[in-house]
Every structure is written in C-alpha cells, then in structure tokens.
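Me: I have a structure open and would like to go through it with you, starting from one side chain and then moving to the whole chain.
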Amino acid sequence: MDRATFACSTAFFRDYNSSSQGTFCGGHVDFIEKVESFTYSDFFRDYLIPNHPCIFSAKFTEEWASRRNWVTWDGKPDFDYLLQKFGDAVVPVANCDVKEYNSNPKEQLPFKEYINYWKEYIKNGYRSSRGCLYLKDWHLSRAFPEQDVYTTPVYFSSDWLNEYWDAVAVDDYRFVYMGPKGSWTPFHADVFRSYSWSANVCGKKKWLLYPAGQEEYLKDRHGNLPFDVTAPSLQDRSVYPRYDQSQPPVEIVQEAGEIVFIPSGWHHQVYNLEDTISINHNWVNGCNVAIMWCFLQDELAAVQREINEWKDPMDDWHLQCQLIMKSCTGIDYKEFYNFLKVIAENRISVLENGLDDEASAKNTPKAAISTLGMLHAVFDLKRAVKVLTSLSANEDFKKLDLTSLSPPPEALLHHLKAAIDTALL
C-alpha cells in the first residue's frame, strides 16, 4: 500500500483512545471476499480500531505453499508430505480429554509419533485409549525458517510482539496447530490480550466468541472463568450467578483457506469440525498496546493481592511481585519498557534515516514499517508515547531499580516526541 492511499484514511489522523473501541452489536461478522478491493486502510478503520472480528476468504491464502503442499487432492492433511519435511521435529501436544487446572495437559512428542497416532485415531473412528491429542503452539517458523510455508498478509504486518521477540531472539508468537476432528481449545483470551489471526490450511473450525467484557458475566461466584462455555453447569445460578446477563456467543464456522481475525481481549473457544491444520499469530500494535498495558496492570494487582500478607516482612516485595507476574504472563514492567523502546527506536530509525536498499529488500521490521508508510510510523510513536508516559508515572514501575534501563524513560520519551514533531513538520 502506498503512503497516499493510507493517508486518505481519515481514521488514521484521529487521536484514538482505548475508549474509542466500539461495542460489538449483534452476531454478524463481516466476510471479506476480494483481495484486490480490501486495503490495509479498510482493515485499520473498520476492524483494528473498533476492535471488531472479521473473516477473510480463502482467496487471501491461495498462494501459500502450505495450502498447495500440505493438503491432499481431497482437502485432507497430507501426512506423507508433512513427515517428509518435519519428521524429525519434536512438537507440543495437548490432551483434549483431560482438564488440568483451566487448560489441557501438554507433553512433547516426536512429530512422527503424533502423525502415526493421528492416522490410527482416524482409522479407529476417532477414538483412542490415549485420548484426543491436539498438536498446539508449535513454533514451526522458528524451527524451520528455510521452509516456505506462508506469507503474513499485510493487514497483520504491524506486529509489535513478533518484532520485539525476534529482536531479542528469545521467543515468538507464530504457531502451527494440527489436530483431528473433535480436538478443541478451552475458553480463553489470548496472551497479553493480543489480537490473533488464524488461517485454516485445511479443515474446518467452529469459533465461539465473546466480546471483551462479556467474560465477566461468565465467571463463577469465586471469580473464575469456565473451562467450557458449553457445559451444562453454567446454567446453575448458585455457581454462575451472572450467566443470565451474558450475550450468546458470536459463532463462526471457518472453512479451509479462510482467515479469522480475533479482536483484542475477546474470549473464545474453538473446535475442529474436521481434521484441521491452521497457522496462527498473536500480535499487538499501536491500536491495542494500551489494552496490553491495562492487562499487565491488572495482572500485577492480582499478584499483589495474592501475596499482600508478606508485604511488610519482605524487603523486596515489589520485585517479587514482578517476578511472579513474569512467570505467569511472560513479561514484567521493565521488559515491557524494553518492548516499547525497541518498537519506538525501529520507527525513529526509519523516520530519521529512511530505508536503505538492503533493508527494503528483506523481510525485516523496518521494511514492514516502510511498507505501511511514514504516517503509520508516526501513529505508532504517538501510541507508544501515551503508554510510555503512563508507565513512567506508574508507582509500581518507579519502585523498581531503573538504572539498568538505557536510555532512561525521560530521555526516550523526549526522543520520541522530538521525532514525531520533526516528522510532522
């Protein structure tokens, strides 16, 4: 998309707050049919900013190598091809028939063993003494970077989560899921209350979606969310006293090749209606980073309540709260600062120095920033400034040892504001 096309989107110029995200009314989910008539500006204005779901047609994925090579002529997973390419991998597998706390227990299995299980499971009428096993959260792109599997659609290319974790070379939030008919994922919201997109390479899924905030009505009297929102026990008002106030879920049936966009903070439950393979990303950007920051504050407050009785005798109580939060969520306040710093500095670099030919020819964060245009980089910086300002003023953040942060928060904020002012001249 060229800069002029993006600039013409009036939504881009507004100073959006998290409160601008509209309430989703009714159960209708838009279906985006044609690639050529749907722009990034359309997606930004109609779905990212208002935080609304949508479905992209199979035309958006028809060029993916995985859709050609991973699937047999009749639309089933091509086990032989997958074994040939990934047979030596070790993969995470969940048992859908067992509840462990509020999820399914996982184990690491050789990919060959999982495929052999899957074949037997189908042969035995989708039954096994081992239960219904679901290959989930496989970091295939990281493990096999040389494989041509898929290309991230431009609509999802402003992806701060993977931009940051690629930069620190620790983790990523790109996953492959593979599972037989009947495999499913219990009720949850995605990591950091991120957006997610999920594309079916083959097979069919059913999604049950609850708009952000609706999950409050589904909690039991102890404040716990249900494991399965279809369970009859939710009808018991002595256990789930507010269930009658909840809206029915938004239901989506996702066909092969289609992509579902899940808004930030929407809880959901997902079923494989057929033998299914999907590619999934979690992602955060300037449109929902404030939601991520609110989530982290809520998580820290929950930890503080949990260990409040040890506050007085514990000298490093605030640090311990951060450590516990990081063990539960994967990030603490200081890493969140570094996350924002990396994102901001990448955009400042493009604004101040442009993009050299070598970087533009590669699949790099700076190339993605350039593709979306300089105005998008300014939008990102404005959103980063808002959250960084809030983080810097946060009392729990100020109680930490911040001497290791480079540059200091005040200096980074000054640099960001100066870069914005210069870009807008």
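Me: Which backbone oxygen lies 2.9 Å from a polar atom of the side chain of S66?
Reply: That is the backbone oxygen of V149, and please keep in mind that this is a predicted model.

Me: Where does S66 sit, and is S66 buried or exposed?
Reply: S66 belongs to helix α4, which covers residues 65-69, and S66 is buried, because its relative accessible area is 0%, under the 20% limit used for that label.

Me: And what does S66 touch, leaving out residues up to four places away in sequence?
Reply: With those set aside, S66 touches V71, V149, V201 and I279.

Me: Changing topic, what does UniProt list for residues 141-300?
Reply: The UniProt record, an unreviewed entry, gives "domain: JmjC" for residues 141-300; in the model that stretch is 15% helix and 30% strand, with its end C-alpha atoms 32 Å apart.

Me: How many helices and strands does the whole protein have?
Reply: There are 16 helices and 13 strands in the protein. Its radius of gyration is 22 Å, close to the 22 Å that the globule rule gives for 425 residues, so the protein is as compact as a globular protein of that length.

Me: What about burial and contacts overall?
Reply: Buried residues make up 52% of the 425 residues, and among contacts with a separation of 6 or more, 79% join residues 24 or more positions apart.

Notes
Residues numbered from 1 in each chain as written. Predicted model: local features only at pLDDT ≥ 70, side-chain atom pairs only at ≥ 80, totals over all residues. Heavy atoms only, no water. Helix = DSSP H or I, 4+ residues; strand = E, 2+ residues; numbered from the N terminus. Buried < 20%, exposed > 50% of the residue type's maximum accessible area, 1.4 Å probe, protein only. Polar contact = N/O pair within 3.5 Å; in protein donor to acceptor, adjacent residues only side chain to side chain. Contact = heavy atoms within 4.5 Å. UniProt positions renumbered as here; feature names shortened; annotations may be inferred. Rg over C-alpha atoms; globule rule 2.2 N^0.38 Å.
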